[in-house]
Structures are given as structure tokens and as C-alpha cells.
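Please open the model in your viewer and keep the sequence panel beside it. Select each item as it comes up in the tour.

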Amino acid sequence: MPNKTVVPLFKSEYTVVLVQLLKQLDKDIYPIIDQAKLPENILQQDHDYVPEASAINLLDILMEKVGPEKYTQFIVAAAENIYIPRYLARMTDVSTLEDALKQFIELVHIESTHTHLQLKLLQKKMWFVRHRRTLTGQDRLVLAEQFALTIMLTLMRTLLGKSWQPIDVSLCENQAQTIQNALGLNASQFYTARAVTAISFDPSMLATKVHVRQNGQVIIEEVRAPEDFVESLINALTPYFMLGRLPIAQAAVIVDMSVRTLQRRLTKAGVSYSQVVDRIIFMQAKKQLAEAKYSVTDISANFGYADVAHFSRAFKRYVGMSPRAYQQQLANP
């Protein structure tokens, strides 16, 4: 089941896809990035995750700009051309629909702790089920559910054919008519106000032979989502530290919680916000020193230190050696 104690995260590479969709509508994408509360260098950085709240902000902005019908077209196109092909490229030894669905579920569970997928036999139907934590705000719930359902449906249609329709569609939110029209599900029976998002099909279909096209790419290294609060917070905030330190009030906005809640969760985990900040800064400083394209002076300034000496002393306390000694060690292992 979804882990409710972690900061919900969204893969950076998938977030960039949403940014590129919006770039088709507005070439000056940076005001939108700022409005969504994403790190301003999202298109250049190589971090694994961003806060999920920022990704949903992007969905909200996309909906506002193009309206429900065009929004669905954009998301379907992204699912068909980018999201689902990336998942399929990571699958191995797939011969049946059941193989593909089980591997997809495993991959989602590796990179997400707030969404749980399962196959469940109920009343002689096989259900492809999505559980997730509750989001703040009715509009955000609707957007997140429609996005998730689109991904699930696109996966099934990629494997079984574009005309495929589920027997039933279960929705948490009351948006049956919108989704039915947008995704061409006129033959499906809809149920709303349910505990999960799910689609059903005949269990015999699990044995259907499917072909997952392998394109010769190197298998992508799996990055497992952090499973405790502090690690998830560090993953959420790290992309924003490229331009300096973040005060706790700004950090709370980024992870979509109050300062009081953030402080309470950190206290429960036995760490302070300043300790989290130090860990992020010195992890990034070590990474930049290893790249050898930044001077110690540059790195010191990037992270808001008044002078190199102050930064060097702090780095030595945290790492056990000076920044220059650390660089020399990397150069002469």
C-alpha cells in the first residue's frame, strides 16, 4: 500500500516531458516552471526526482491553458509516445499480458512509494487496480486520477490494440462523463466514488500473447524511491539547492506542507532542518568536486558561504578532509 510517511516524488525525466508539452504552447517556459514551483533548471539537471506536487501543478497549468479535451489529447500522446515506451523498454522476457502487467507494476513500485498497483480477481473479473495517498484539493485529485487512468489504459491498448476497452472503470472522483468521452470508453461501465481507480477485463486475457518491442537500448538502471521521510525530503529538495540554501518556509511550500508539519516530521525522525540542509549541500558539493568543472571558490559561493575558508572548514567537519584533499583523492585513487 502507499507509504503515507514519505514526501511524494515524481521522476524528473517524466516531469521534463510535461514541461516540453507546455513548451509547445508557450516558448517562454520559465514563468510556468516558476508557477509550478519546479526548480528553474529542471531542463538541465540530472536529479532523479522532483516533488510530485510540482508535477501536478504542471498538469493543472496545462489544463488551464488548453481545456479538458485538448488536455486529454496531450496526456494520451505523452503516454503513447514517451511514458509507456520507456516502461516497455525496461521489460525483459515478456510473452503474455500477465508478464507485461506484472513487470509494469514492479517498475512503478521501484520508483514510487505513494502509488500501489495490483492485479486482483474479483467477481470473475480481473481488475488492474491503483491505490494512492490522498492529495490536497479536489481539482488535484481529478487531475492525478485522470493522468493515472490514462497511463494504465494506454499500457493496455499498446499491448492489446488501440480499440481495446475495459469492461468496467472504477473512479474515486465523479468525472465519469469527462473521462468516458475523452478516452473513448463508451462501451465501458463506469462506477464513481470508489476507494480505488481500476479497470476490469476478462481473466482469460492474461494469457494473451503480446510482443514488447525491444529497441536495443541499454537497460535503464533502476532508481528505487526512498522509503523514509528524511530521504524522500532530501530527494525532493536537492534540485532546488543548485542556486543556494532554502529557508524552511520555502522548503515547506515546495513539498506541499506547513512549516509546523515539516518540523514535526523531522523531529519524529530525529533530525533538524539544518542537518538536512547540510547533508544536501555537502552531497552536492562532493558531486561538483568530482566533476572537476567547478572550483572550490565557485562551489563555496553556490551554497551561500561568505568565504572559501568557512566552506572548507564546514566541508572538512562533514566529510573528514578539505575540499582540495577530496579532489586530490578522487584524482589519485
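**Stop 1: confidence**

This is a predicted model, so begin by colouring it by pLDDT, the predictor's confidence in each residue. The protein has a mean pLDDT of 88, and 93% of its residues reach 70 or more. Select strand 7 (residues 197-201), where confidence is highest, at a mean of 97. Then select helix 6 (residues 176-182), where confidence is lowest, at 84. Now pick residues 216-220, where the pLDDT is below 50. Beyond near neighbours in sequence, this stretch has 4 contacts in the model.

**Stop 2: salt bridges**

Side chains of opposite charge can pair when their charged atoms come close.

Select Arg 86 and Glu 13 and show their side chains. The two form a salt bridge, at 3.0 Å from N to O. Arg 86 belongs to helix 3 (residues 52-88) and Glu 13 to helix 1 (residues 12-23), so the pair ties together parts that are 73 residues apart in sequence. Arg 86 is partly exposed, having a relative accessible area of 30%, and Glu 13 is also partly exposed, at 31%.

Next, select Lys 65 and Asp 26. Their closest N and O atoms are 3.9 Å apart, and this counts as a salt bridge because the cut-off is within 4 Å. Lys 65 is in helix 3, while Asp 26 is in the loop between helix 1 and helix 2 (30-35). The pair links distant parts of the chain, 39 residues apart. Lys 65 has a relative accessible area of 42% and is partly exposed; Asp 26 is partly exposed as well, at 26%.

Move on to Glu 231 and Arg 279, a salt bridge whose closest N and O atoms are 2.3 Å apart. Glu 231 sits in helix 7 (residues 229-237) and Arg 279 in helix 10 (residues 273-291), 48 residues apart. Glu 231 is partly exposed at 24% relative accessibility, and Arg 279 is partly exposed at 28%.

**Stop 3: helix 7 against helix 9**

Two packed helices are described by the angle between their axes and the distance between the axes. Here the angle is about 130° and the axes are 10 Å apart, which makes helix 7 oblique to helix 9.

Which residues of helix 7 meet helix 9? Select Phe 229, Val 230 and Leu 233 on the helix 7 side, then Leu 262, Arg 265, Leu 266 and Ala 269 on the helix 9 side. By class, this contact has 6 nonpolar, no polar and 1 charged residues.

**Stop 4: Gln 288**

Finish in helix 10 by selecting Gln 288. Is Gln 288 buried or exposed? Gln 288 has a relative accessibility of 4% and so counts as buried, the limit being under 20%. Show its surroundings, leaving aside neighbours within four places in sequence: Gln 288 is in contact with Met 242, Lys 293, Tyr 294, Ile 299, Asn 302 and Phe 303.

Technical notes: Residues numbered from 1 in each chain as written. Predicted model: local features only at pLDDT ≥ 70, side-chain atom pairs only at ≥ 80, totals over all residues. Heavy atoms only, no water. Helix = DSSP H or I, 4+ residues; strand = E, 2+ residues; numbered from the N terminus. Buried < 20%, exposed > 50% of the residue type's maximum accessible area, 1.4 Å probe, protein only. Axes fitted to C-alpha atoms, helices over the stretch in contact; angles between N-to-C directions. Parallel < 35°, antiparallel > 145°, perpendicular 65-115°, else oblique. Contact = heavy atoms within 4.5 Å. Nonpolar A, V, L, I, M, F, W, Y, C, P; charged D, E, K, R; others polar. pLDDT = per-residue confidence, 0-100.
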